[in-house]
Amino acid sequence: MKYLATMALALVPLTSMATDLTIPAGQAYLVGVDQQELILDKLNIGDDARISFAPGVNSWRVHARLANIGKNVVIDGRGSAGQNGAPGVTAPACDEFVDGQPGESGQAGSDGVEIRLQLALESLGSMEIFSAGGDGGLGGAGGDGADLNTSCGAEVAGEGGNGGDGGEGGRGGDVTFLYQSVAKTESGDSMVSRLSINADGGAGGEGGDAGSGGAGGGGYYATKKTLTGSGRKWVAGATGGLAGSPGVMGSAGKPGRILVDQLITSTVKAVPSSSEVSLKALQREIARLRQRIEKLEAQQGAEQPAKSD
């Protein structure tokens with residue numbers, strides 16, 4: 001009985017009016033932030049149409065009472081790749097610093113769009129749904145250390161900067177495809193066999209390369225003034241600077257969940273589509289269901305034994 005009541009109340013989206021959506025063949029369609037949830041009478045998508053999502057759209061949920069989808073249709077809800085990290089600055093010779101600067105870390109890829117389609121399918125040519133997470137950005141390379149330069153009094157070669165870490169991959173968006181076949185000549189399973197879904201997590205960004213250490217130099221004679229006059233003095237050389245450490249690769253994003261399932265036809269009469277007539281018909285159907293629930297509850301109360309004093 002509670003199931004019947006829940007089913008009846010769930011039948012009508014009181015705040016949404018049914019309408020139609022047609023995307024012509026070969027056209028690109030951009031889903032805006034005000035279209036993240038659509039309840040449609042009819043959904044028609046032509047051959048080679050491509051659906052993408054505006055910034056800020058995190059999910060797209062569509063319920064269509066009748067759907068016709070053409071061939072080579074693409075729904076592209078992939079996350080964007082993270083920005084690459086900037087490289088570190090290479091140390092110039094004879095400057096205030098001799099070590100190369102570290103590279104910046106790559107940014108994380110964004111998550112894929114969550115997509116949920118609940119359709120009464122009349123036809124489906126072929127369709128690909130992408131909701132993979134975006135790849136993480138690459139880590140920036142470390143800057144090189146300055147070479148030993150005796151002309152400016154440098155005594156050591158600079159060390160290389162560390163590479164920046166790679167960004168994390170974005171999470172794949174969940175994809176749910178629930179369908180009921182209303183085709184006259186083809187089964188739902190046959191149509192859905194031409195549906196392809198990719199909800200992989202984004203790849204982690206590679207870490208940045210380590211900066212090279214500056215080159216050292218051999219020993220040399222320098223002219224030095226002494227108490228007895230000018231003379232040549234041996235100045236020991238310096239080894240090259242150490243290289244930096246490479247950046248760590250970012251972790252891959254988790255894949256999204258995928259569910260493709262056929263809806264069981266309800267025993268409730270089909271709801272007429274469109275306009276006030278369909279709304280009134282639906283209200284009458286709900287009233288009949290409520291009467292049935294009340295009758296069942298009354299019967300159940302009559303069947304219970306009376307309590308003894």
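Two aromatic pairs turn up in this predicted model, where rings of Phe, Tyr and Trp (its six-membered ring) pair if their centres lie within 6.5 Å. Planes under 30 degrees apart count as stacked, over 60 as edge-to-face and the rest as tilted. Being a predicted model, it is read with limits: local features need pLDDT of at least 70, side-chain atom pairs count only at pLDDT 80 or more, and totals for chains, interfaces and linings use all residues. Residues are numbered from 1 along each chain as its sequence is written, and side-chain values use heavy atoms, with hydrogens and water left out.

**Aromatic rings**

- F53 and W60 make an edge-to-face pair, with 5.6 Å centre to centre and 70° between the planes.
- F53 is buried at a relative accessible area of 14%, and W60 is buried at 3%. Buried means under 20% relative accessible area, exposed over 50%, and partly exposed in between (1.4 Å probe, protein chains only).
- F177 and Y179 form a tilted pair, because their ring centres are 6.1 Å apart and their planes stand at 40°.
- F177 is buried, with a relative accessible area of 0%. Y179 is buried too, at 4%.

**A charge over a ring**

- The charged end of R78 sits over the ring of F130, 4.5 Å from the ring centre. The rule asks for NZ of Lys or CZ of Arg within 6 Å of the ring centre and within 35 degrees of the ring normal.

**The six-stranded sheet**

- Six strands form an open sheet with parallel pairing, in the order β1-β3-β5-β7-β9-β13. Strands (E, at least two residues) are DSSP runs, numbered from the N terminus. Two strands pair if DSSP finds at least two bridges between them.
- β1 (19-23) and β13 (258-262) are the edge strands, each pairing on one side only.
- Neighbouring strands of this sheet are turned by 25° against each other on average, direction ignored. Axes here are lines fitted to C-alpha atoms, and angles run from 0 to 180 degrees between N-to-C directions.
- β3 and β5 (residues 59-69) run parallel and are joined by eight bridges. E37 stands opposite R61 in β5.
- Strands of a sheet pair through backbone hydrogen bonds, either parallel or antiparallel.

- N44 lies in strand β3 (residues 37-45). N44 is partly exposed, with a relative accessible area of 27%.
- Beyond its neighbours within four places in sequence, N44 contacts L21, T22, I23 and N68. Contact means heavy atoms within 4.5 Å.
- N44 and T22 are 22 residues apart along the chain, yet their C-alpha atoms are separated by 4.7 Å.
- S59 is in strand β5. At 18% relative accessibility, S59 counts as buried.
- Leaving out residues up to four places away in sequence, S59 touches Q36, V113 and E114.

**Pairing around β8**

- β8 (residues 127-130) pairs with β6 (residues 73-76) in the parallel sense, over four bridges. The bridge partner of V74 in β8 is E128.
- β8 also runs parallel to β10 (residues 195-198), with four bridges joining them. I129 has I197 as its bridge partner in β10.
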